[in-house]
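Hi everyone, thanks for coming. Let me put the model on the screen, and then we can walk through it together.

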Amino acid sequence: MNAPTTPSADGRTTGDAGERGWFTRPGAHEGPPRLPEGAAPSRRTGGPAGRRPAPPGPASAGAPAAGPSPDALLIRRTLAEIEPSADKAVSYFYALLFLRHPGLRALFPAAMDTQRDRLFRALLTAARHVDDTATLTEYLSQLGRGHRKYGTESAHYPAVGECLIGALAHYARDSWNADAEAAWVRAYTAISQIMIDAAAEDARTSPAWWQAEIVSHESRTPDIAVVTVRPDRPYSFRAGQYTSLETPWWPRVWRNYSFSCAPRPDGLLSFHVKAVPAGWVSRALVHRARPGDVIRLGPPTGSMTVDHGSDNGLLCLGGGTGIAPIKALVEDVARHGRSRPVDVFYGARHNDDLYDIDTMLRLQKTHRWLMVRPVISDGPTLGLSGQLPQVVRKYGPWNSYDAYLSGPPGMIRSGVDTLVGIGMPADRIRHDSLDELTASAT
Ligand SMILES: NC(=O)C1=CN([C@@H]2O[C@H](COP(=O)(O)OP(=O)(O)OC[C@H]3O[C@@H](n4cnc5c(N)ncnc54)[C@H](O)[C@@H]3O)[C@@H](O)[C@H]2O)C=CC1
């Protein structure tokens, strides 16, 4: 921990990082988490708003309105240089980490494919927002809380930082110098401290993970199952959020799933899982899991939640299993007891893929404020046909609605473009992080 200069990957010393030791601030808490993995917050398209005080380091040093800070410029230069060889830089980073700190290997899954990408994305996201205190803090706090389930400890952060610097120095040779290194050290120090603090604060009130017994497993199609679990301790979440879960068959491999129900009085939680090719977790959950099996849940996360202080209608686009959190939002509105229009466009490729249409139509029958429209994109149908965003454009007007988009990343992207194109303010469009959705596809 106290290494005022650290050898970089190629044997050079990495300059003057200060006498305090690398990537630690005096007074830093000892607390849980592990290494960055990537859990960008659900977001409004217009950009999330943070609520915590300014973090140390470059984020507070820069004045966003005045353009990028000197540290941000140096960091961006490094990122631009390593981008073409990002895969190699990440492999190199892990090789360094496991060589220098073999004890950390046990915290990672046996196969590192997705983990590699997620770490890199998380660091890029953090570095990209180095001048944006609010976004950085919100993003990293969530990341720090989410890392408790891996058994991460604050002592692991310096090791990660040292190897990150080693990999950057090796792959950004043209832009790497003492100034760039000092900028990265400041940024990483701020990044890790926010994560450590958030994890320590979270540990005061929440477990690092929950065990949950599968109490029902319902096959809806040959590759889609609705899995219902009972957590071992009270699990508090909001409709529209998601969590990460780990199965007993793939230890340390965590995947994100949205809750398909609003909080229930009996405490049960449900997920819609589609088995995708080469999807270890999804295939295990659909084809192998049975009642009585026990999985682990991480904390709830995401902000695709209903603002109950607003009278706006809800325009919901749910594509494929993306209908899961939309169903939760409908239940949430119903429980709140206030009538506000909810228009759901439920997209699928073929009629047979509308695996939850009966539930949605039942809800429509019960609630006069709810309109459910199935939309088929690739096959014959007696109802609406086409891509979800194009169909939604034909309805409306949507000027007194907030939009909620859930489904494949491509659908979310084109949905956002369409809605912004027809004049919906970006800050009224909500969806989960596209990075997380892409990383969690298996
Ligand atoms: N919170 C969220 O956003 C959630 C997202 N998902 C994601 O939803 C996806 C569901 O997969 P499947 O059921 O196989 O969906 P799918 O590939 O069968 O597509 C579902 C619907 O989305 C439309 N769509 C797909 N790509 C599109 C594009 N580029 N532009 C416009 N429309 C497009 C299809 O036409 C269809 O109507 C997965 O990627 C999963 O990760 C699932 C649950 C929650």
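Let's begin with some rings: W210, Y235, F237, F259 and F271 are linked into a cluster by ring pairs. Rings of Phe, Tyr and Trp (its six-membered ring) pair if their centres lie within 6.5 Å; planes under 30 degrees apart count as stacked, over 60 as edge-to-face and the rest as tilted.

A quick word on where this comes from: it is a predicted model, in which local features need pLDDT of at least 70 and side-chain atom pairs count only at pLDDT 80 or more, while totals for chains, interfaces and linings use all residues. Residues are numbered from 1 along each chain as its sequence is written, and side-chain values use heavy atoms, with hydrogens and water left out.

Back to the rings. How many aromatic pairs does the structure hold? There are 15 aromatic pairs. Take Y92 and Y171: their ring centres are 5.6 Å apart and the planes meet at 80°, so this pair is edge-to-face. Y92 belongs to helix 3 (residues 86-100) and Y171 to helix 6 (residues 156-171), so the pair ties together parts that are 79 residues apart in sequence. Helices (H or I, at least four residues) and strands (E, at least two) are DSSP runs, numbered from the N terminus.

Now for F259 and F271, two members of our cluster. Their ring centres are 5.6 Å apart with the planes at 35°, so this pair is tilted. F259 is in the loop between strand 5 and strand 6, and F271 is in strand 6, twelve residues apart. Are these two buried or exposed? F259 counts as buried because its relative accessibility is 0%, and F271 counts as buried because its value is 1%. Buried means under 20% relative accessible area, exposed over 50%, partly exposed in between (1.4 Å probe, protein chains only).

Six strands make an open sheet in the order 5-4-7-2-3-6, with antiparallel pairing. Two strands pair if DSSP finds at least two bridges between them. At the edges are strand 5 (254-258) and strand 6 (269-274), each pairing on one side only.

Let's zoom in on strand 2. Strand 2 (residues 210-221) is joined to strand 7 (residues 294-297) by four bridges, and the two run antiparallel. Here E213 stands opposite V294, and A212 stands opposite I295. With strand 3 (residues 224-231), strand 2 pairs in the antiparallel sense over eight bridges. I214 has V229 in strand 3 as its bridge partner. Strands 2 and 3 form a hairpin, with two residues between them.

Finally, the ligand. Which residues come nearest to the ligand? Of the 21 residues around the ligand, these are K274, R349, S377, Q387 and D432; a residue counts as near if one of its heavy atoms lies within 4 Å. R349 has a polar side-chain atom 2.9 Å from a ligand oxygen atom. A polar backbone atom of A348 is 3.1 Å from an oxygen atom of the ligand, and for an N or O atom in the side chain of S406 the distance to a ligand oxygen is 3.4 Å.

Note on methods: A polar contact is a pair of N or O atoms within 3.5 Å; within protein, one must be able to donate a hydrogen and the other to accept it, and residues adjacent in sequence count only if both atoms are side-chain atoms.
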